[in-house]
Amino acid sequence: MVTVAALLVGLSLASTPARVIEITADSDSRYKIAGMRTPEITVKAGEEIRLRVTARKGKSWNRDGSIHGFSLLRAKDRTKVEGWDLLFKPGTQEFVLVAPSEPGEYVVVCTVICSEDHEGMHMKFIVLP
Ligand SMILES: [Cu+2]
């Protein structure tokens, strides 16, 4: 029994798969997360994230076929976080990303004019120390 327990601990330390965060970029120009009335993403600084996105077409989209975007901005000055400027095609897609190293409040904004309600497509993003 002792041996088995030690083995299990060893395995859990050795493999730390990226946490999966599932969001929907919906046809009504809103981000949605299952179980949350107001979608919000919380991560740890420097954490590896697997972002799984299901995108549904709104009333308009980009010429390259992108139907919604996801750009991470620092809340204090609205500057973009490098590596977090994504574009979505219809359907489900995954992105492996590294959370910002600086804890604080961020905001996700859509970068595709996806409908007349596009300006309302944003959500809070918190980075914990
Ligand atoms: Cu959008």
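In what sense do strand 1 and strand 4 pair, and over how many bridges? I looked this up first, keeping in mind that the model is predicted. Strand 1 and strand 4 run in the parallel sense, and their pairing covers 7 bridges.

**Entry: the overall layout**

I then stepped back to the whole protein. I find 1 helix and 9 strands, and along the sequence they follow the pattern α-β-β-β-β-β-β-β-β-β. I also checked burial: 22% of the 129 residues count as buried. For contacts with a separation of 6 or more, I see that 67% join residues 24 or more positions apart.

**Entry: the open sheet**

Which strands make up the open sheet, and in what order? I read 4 strands in the order 2-1-4-7, with mixed pairing. As a reminder to myself, strands of a sheet pair through backbone hydrogen bonds, either parallel or antiparallel. The edges here are strand 2 (31-32) and strand 7 (91-98), each of which pairs on one side only.

Next I followed strand 1 to its other partner. Strand 1 and strand 2 pair in the antiparallel sense over 2 bridges. I located Ala25 with its bridge partner Tyr31 in strand 2, and Thr24 standing opposite Lys32 of that strand.

**Entry: Arg78, another positive phi**

I went on to Arg78, a residue other than glycine with a positive phi near 60 degrees. Arg78 sits in the loop between strand 5 and strand 6. Arg78 has 9 C-beta neighbours inside 10 Å, so I put it down as exposed; the cut-off there is 12 or fewer.

**Entry: the largest nonpolar core**

Which residues touch the most other members of the largest nonpolar core? I list Ala25, Tyr31, Phe88, Val108 and Phe125, out of 23 residues in that core. Among the elements giving two or more residues to this core I see strand 1 (19-25), strand 4 (48-55), strand 6 and strand 8 (104-109). Strand 9 gives the most, with 3 residues.

Leaving aside neighbours within four places in sequence, Tyr31 is in contact with Ile23, Ala25, Pro39, Val108, Met121 and Met123. Ala25 and Val108 are on my list of core residues too, and Ala25 is also the bridge partner of Tyr31.

**Entry: Glu82**

My last stop was Glu82, found in strand 6 (residues 80-88). Is Glu82 buried or exposed? I have it as exposed, because 9 other C-beta atoms lie within 10 Å of its own. I also looked up Glu82 against Leu72: they are 10 residues apart in sequence, and their C-alpha atoms are 8.3 Å apart in space.

How values were computed
Residues are numbered from 1 along each chain as its sequence is written. This is a predicted model: local features need pLDDT of at least 70, side-chain atom pairs count only at pLDDT 80 or more; totals for chains, interfaces and linings use all residues. A residue is buried if 20 or more other C-beta atoms lie within 10 Å of its own, exposed if 12 or fewer, and partly exposed in between; C-beta atoms are placed from the backbone. A nonpolar core is a set of buried Ala, Val, Leu, Ile, Met, Phe, Trp, Tyr and Cys residues joined through C-beta atoms within 7 Å. Two residues are in contact if their C-beta atoms, placed from the backbone, lie within 7 Å. Two strands pair if DSSP finds at least two bridges between them.
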